[in-house]
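Here is a short tour of the model, written to be read with the structure open beside it.

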Amino acid sequence: MKGLEWRRFSRASADGMGRKRSLWSRLHLDPWLLLLLLSLMGAGLVVLYSASGMSLAVTLGQASRFGVALLAMFVIAQFSPSTLCRWTPIGYFIGVAMLVAVEVMGDMGMGAQRWLEIPGIIRFQPSELMKLAVPMMVAAYLYKRPLPPSMRDLLICVLIIGVPVMLIMRQPDLGTSLLVACAAVFVIFLAGLSWRVIGLLTVLLASALPLLWFNMHEYQRQRVLTFLNPESDPLGAGWNIIQSKTAIGSGGVFGKGWGLGTQSQLEFLPERHTDFIGAVLGEEWGLIGMLVFLALYVLIVGRGLFLANTAQDTFGRLVGGGIVLTFFIYVFVNIGMVSGILPVVGIPLPLVSFGGTSSVTLLVGFGILMSVHSHRRLLPR
Amino acid sequence: MRKRRDPIKDTAREVRVFRARSLLAALLVLLMAGGLGARLFYLQVVEHDVFTTRSEKNRVRVEPLPPTRGLIYDRQGQLVAENRPTYNLTIVRERVEDLDATLDRVVDILGLDETQVEAFRKRSRQRQRPYQPALLMSDLNERQIARLAVNRYRLPGVEVEAQWLRHYPDPQIMSHVLGYVGRINEQELATLDNGNYAGTHYIGKTGIEKQYEEALHGQAGLRKVETNARGRVLRELERTPPEPGKDLTLTIDTRLQQMAYDLLDGRRGSIVAIQPQTGDILAMVSAPGFDSNEFVTGISYKDYQSLQQDLDLPLFNRAVRGQYPIGSTIKPFEALAALQNGVVTPQEVIYDPGYYKLPNDSRHYRNWLRWGHGRVDLERALAVSNNTYFYTMAHRLGIDALSSFMYKFGFGEVTSLDVQGASSGTVPSREWKREKYGQAWYPGETLSAGIGQGYWMVTPLQLATAEATLANRGDWVRPHLAKRVGEASVEPPFKNTKPDVKLDKDVWWDDVFNGMQKVVSGREGTARHIGKGLKYEMAGKSGTAQVFSLGQNQKYDADELKERLRDHALFTAFAPVDDPQIAIAVIVENAGGGSSHAAGLARALADEWLLSDDENTHQAEELIEEGVEVEGT
């Protein structure tokens, strides 16, 4: 089976795409997606250098993490989707177990229990793993079922999603739990969830919102309230939003110039090199810089969706589509947050914000996408 | 995996569905990205100006640069209020994380005692503009500065600031003229021009310092600085230097002032000397004085209490607020009133049996000399200060004619240009009494008013002003303390407001002056003892003001009581008679008769002013004065 698969694939590549393509195919990488990602990461490093207050240490640290993440992407891309599918349940259950472990004996530092630590060796955030494991688990469950999924399958999916999401929410990490849930929901949506059910779920979700409100932590509620009216607490919780909007707005069309943003360089903007790096971009590079980045993101999503469509089994399609759409949710929530149309949730601007773990997760996701694209069998359509 | 596997799994349909769904998702992605783009367009293009302003406000802080306060000189150019460098402890509360802990640390470092700590804490709580240094303690000594410097790293937000502090070289003698500056309090803060006073800690509280506050203060400058989010100054963007306060030159002659203070020799009283031609106040003493420097650095509550409770009332400015019965010093003015109203001629002789009787009244109004002065004309009446003569004049004039004439000399109102807190005194009249007491005027009251007793209340400044007008033969001058404001001789408006006093016959001035001259130089003059060896002609008039009652809440032991019930001694004079250079009013409280206890002081002062041949004094100054006049005309 394996051998056949490989031969057919090679021939197809040689037939249709020429020599150059076949090199990329052999590497299991998509050149266009890779180019877009590298452009984004390169530009992101330029922004980060300024946002970190011209800190070479931070920038080089981020660059080396990008190196690790790219390597991880490359490695993942070498596995065939079916292999990944087989390992998915194991990864998923290990992830859930670790979430429970975090819940039980997690690091109490910073008021949030997110880390699992073997002191001196590794600090690991299980919720990062779940960003990929949950949508993959849903896809792995669904792909052999008749689609669109039946009610029973849906309920099982809800269970698959619900358990880790609740655990992450309790950490508490609202941003990540929403992203995990989103990724899985995208998978179900792409699997062909009927519009009737979608409508029904929308109504249910709307009616569940108050429930969500009462289960929120005080600081989360505060964030929502502050989002609704940032001027109510200009020096406290509203400070971030006001300063961020001020930074972006004062940037204008062309921006104040690289390293010349007063809001960011004089530290009026909080978390400027992590969650609020988008405001630095907006201040120093203006509307033009923002639109360039937005365009890069949209192109990556477009290419990603195209790659998912070329996948030849349902698992690959669903996982690829889910990953790409989740990637866009990152972008939308983060830029929506810094520009003041969404509440402040701790979601980084993908591949631009400082932070190693999320970069690795994201690029591993794109690695899966590339694997899905490059491991193809010729099947009758 | 299990039995219900695959019967209806339709791969082609799945691909179709996926394609449709992902296309839909792609559209949604574009839509959302468009939404973000629109939002960014709104922020960065539509609202760009709003956010630019906001961002500038974040970054740029305007810091005030306080001006240095103008200096004050006396008429000879001697410094009477200067600025000396001091070091103050300030705190910017916004930069202090834990105010209480920081204050504790500072208290510890400085080794302050209980009362200091309390004042210190009170000041730290005072309302203050954000990010402005609040004054905690002024005038640190070197030891304290050193200790603070060593501990600076433990005290973020606490700074030692170099500043000019007001200092008065002769506080006791000048305290009531100059007043003093003190820390701006919360009420003042509310009314002050915020911009101009943003960096200023002190303001004129009384006296000249208050009167000329605006000129002395100057115009604050500012600098715009770029700060980071923690308020640290990164660089200066723009600077407008402050405009220092204008220097003030007073009409006061420190030497004369010092002498007047010394002449009072520890007694309670006041001496005011005015240059008649100009209205320059040459000396204005209220004794005892106080150390105004204590008020600059912040007087302790205990010291303030003891000053306030001092029976000699050192904080009370007698020269401008002290109200005394005018006594016999009214007589020259009353004589003029009688002449002008035609109720007497200079030659008319009135017989004094030692008392005066109203036509339908058996009561005897006594002369001070029990057996009477016999035949008395105007000149003699003034020289011997005959009461019977002036009872007659008062009766002939009536109270209203007398008081309306007195108004012309500035009694009953504040006429001074720039003397803070001056009182208007009291000029009694029918209407005044009706308004004040709701009572009719009794004829007997006119008689006592005729010798300056009863309701009359005058301040030493008013008395000296009237004397100057008298010396000027009615030409009104407005008394003032400031000679020049600033470099360019910005002269206050000296001429004014009140019409000159006109008499039908000019010679009547001479008649009254002759009488006043006889007071000092005549055989019978009440102050003839001061006339010995006089090198110029002096016109004077003694007076005695009866003390009818004591002030409220004043407690005295028996000896003190006796002393404080004694009459106030008054003396007014001007000299030389034909070219008056100085007009003087002297009041010595509870000293007894004016001729014996106050006249000598006036003579000594006039001697000093008119006879001192020190090149650097008034004579040189007169030449300058003439020069100015030549230029002016």
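Strand β12 (residues 280–287) of chain B is largely enclosed by the rest of the structure, because 8 of its 8 residues are buried. Please keep in mind that this is a predicted model.

The partner of β12(B) is strand β11 (residues 269–275) of chain B, and the two run antiparallel, paired over 7 bridges. Within that pairing, B:I271 sits opposite B:V285 of β12(B). The hairpin made by β11(B) and β12(B) has 4 residues between the strands, and B:G279 adopts a positive phi near 80 degrees there.

Chain B also holds an open antiparallel sheet of 3 strands, ordered β1-β8-β9. Its edges are β1 (60–65) and β9 (233–240) of chain B, each of which pairs on one side only. From one strand to the next, the twist averages 30 degrees. In this sheet, B:P64 stands opposite B:L222 in β8(B).

| Strand | Partner | Bridges |
|---|---|---|
| β11(B), residues 269–275 | β12(B) | 7 bridges |
| β1(B) | β8(B), residues 221–227 | 6 bridges |

Now for the meeting of the chains: how many residues does the contact take from each? Chain B gives 35 residues and chain A gives 42 residues. On the side of chain B that touches chain A, α1 (11–46) and α2 (48–59) of chain B each supply at least two residues. The largest share of that side, 21 residues, comes from α1(B).

Terms used
Residues numbered from 1 in each chain as written. Chains lettered and ligands numbered in written order. Predicted model: local features only at pLDDT ≥ 70, side-chain atom pairs only at ≥ 80, totals over all residues. Buried ≥ 20, exposed ≤ 12 C-beta atoms within 10 Å, placed from the backbone. Pairing = 2+ DSSP bridges. Axes fitted to C-alpha atoms, helices over the stretch in contact; angles between N-to-C directions. Contact = placed C-beta atoms within 7 Å.
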